[in-house]
Amino acid sequence: MTEDILFEVDGAIATITLNRPQKLNAVTPEMAEAIVAAVRTCNDSDTIRCVILTGAGERAFCAGSDIRELDSYETPWQFRNRPDYCDAFRALLKPSICAVNGYAFGGGLETAMSCDIRLASENAQFAAPEIKLGWIGGGGMAAHLLHSIGASNAALMLMTGDPIPAEKARSWGLVSEVVPQNQLLARARAIAQTIAARAPIAAETAKLNLKAAVSMPLEKAIEYERDLQTICFATTDAAEGRAAFKEKRQPVFHRR
């Protein structure tokens, strides 16, 4: 794994850190491959229950793909089929928290939106600046913005490319909380610890359920939710939850 991606596991919580602060954590092809590998490790683990994504340094979470590297692809089709770090996070099975410390521009914004929960430091800024260079985002930018902040706000960001500050992002629904920068990772870890203490299969199922709710008609989404509920109800962890409730104690979940 490249030194520009840090991967750490502390108990049930994995942290992936984009570690190229001198370049605003802009992602190179090698970093994208390392992110894909880190996500695969998380998915294969029976002990990792929540994943935090953040960036090194104080200026940026991620400024997107390293533009200097884009001309290294021999053809547009090769560029189209490159390992994509946004796709990697959308493929993550475990609940994820993005701690945005500074700029989240272009692919950085797409990556943040590919996570389940987004927290921002007070100095965070969010932008879809590709239009300023003659193209548009390709990692789910329009779809994620539409669902997160509505059509008009999405159009404003996509068509101007101008950044919005953290508090506006919170008021639009792009992030859940804005906290001081020196408290950002602590807050992300606190939420991750809470999620990690829940029934793992139920947490992963809740993630699947949210994805379905975005893409399915209402009646089908409710039907799918009921099917997922039935699957969860049949697990050993759910039986443990019911037993713990009756016995007035905290449940102990084992992902079974």
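Biologist: Where does K248 lie, and what is its phi?

Modeller: In this predicted model, K248 is found in the segment after helix 11, and its phi is near 55°, a positive value in a residue other than glycine. As a general idea, most residues other than glycine have a negative phi.

Biologist: Is K248 buried or exposed?

Modeller: K248 counts as exposed because its relative accessible area is 80%, and the cut-off for that word is over 50%. N25 also has a positive phi, of about 60°, although it is not a glycine. N25 sits in the loop between strand 2 and helix 1, and with a relative accessible area of 0% N25 is buried.

Biologist: How should I read the length of helix 1, and which of its residues are buried?

Modeller: One compares the span of the end C-alpha atoms with what 1.5 Å a residue would give: helix 1 (residues 29–44) has 16 residues and should span 22 Å, and its end C-alpha atoms are 23 Å apart, which agrees. In an α-helix there are 3.6 residues a turn, so residues three or four places apart point the same way. The buried residues of helix 1 are M31, A32, A34, I35, A38, V39, C42 and N43, and what covers them includes strand 1 (5–10), strand 2 (13–18), strand 3 (50–55) and helix 3.

Biologist: What is C86 in contact with, leaving aside its neighbours within four places in sequence?

Modeller: C86, which is found in helix 3 (residues 85–90), is in contact with G107, E110, T111, S114 and G139 when those neighbours are left aside. C86 and G107 are 21 residues apart in sequence, yet their C-alpha atoms are 7.3 Å apart in space. At 1% relative accessibility, C86 counts as buried.

Biologist: What does helix 9 pack against, and which of its residues are buried?

Modeller: Helix 9 (residues 200–215) has 16 residues and reaches 23 Å from its first C-alpha to its last, close to the 22 Å expected at 1.5 Å a residue. Its buried residues are P200, A203, E204, T205, K207, N209 and A212, and they pack against strand 5 (96–100), helix 10 (218–233) and helix 11 (236–247). N209, for example, is buried with a relative accessible area of 18%, and, not counting residues up to four places away in sequence, N209 touches A221, Y224, E225 and L228.

Biologist: Which helix gives the most to the lining of the second largest pocket?

Modeller: Helix 9 gives the most, with 5 residues, while helix 5 (141–149) and helix 9 each supply at least two. About 440 Å³ of space lies in this second largest pocket; of the 14 residues that line the pocket, M113, H144, L210, K211 and V214 are the closest to its centre.

Biologist: How many aromatic pairs does the structure hold, and what is there to say about the face of F233?

Modeller: A pair of aromatic rings is described by the distance of the centres and the angle of the planes. The structure holds 1 aromatic pair: the rings of Y103 and F105 have their centres 4.9 Å apart and their planes at 35°, so the pair is tilted. Y103 counts as partly exposed at 26% relative accessibility, whereas F105 is buried, with a relative accessible area of 18%. As for F233, R242 lies over its face, at 4.2 Å from the ring centre.

Note on methods: Residues are numbered from 1 along each chain as its sequence is written. This is a predicted model: local features need pLDDT of at least 70, side-chain atom pairs count only at pLDDT 80 or more; totals for chains, interfaces and linings use all residues. Side-chain values use heavy atoms; hydrogens and water are left out. Helices (H or I, at least four residues) and strands (E, at least two) are DSSP runs, numbered from the N terminus. The expected span of a helix is 1.5 Å times one less than its number of residues. Buried means under 20% relative accessible area, exposed over 50%, partly exposed in between (1.4 Å probe, protein chains only). Contact means heavy atoms within 4.5 Å. Rings of Phe, Tyr and Trp (its six-membered ring) pair if their centres lie within 6.5 Å; planes under 30 degrees apart count as stacked, over 60 as edge-to-face and the rest as tilted. A charge sits over a ring if NZ of Lys or CZ of Arg is within 6 Å of the ring centre and within 35 degrees of the ring normal. On a 1 Å grid over the protein atoms alone, a cavity is a set of points where a 1.4 Å probe fits but cannot get out, and a pocket is an open set with protein on both sides within 12 Å along at least five of seven lines; lining residues have an atom within 4 Å of a point. Grid points are joined across faces, edges and corners, and a volume is the space filled by probe spheres set on the points.
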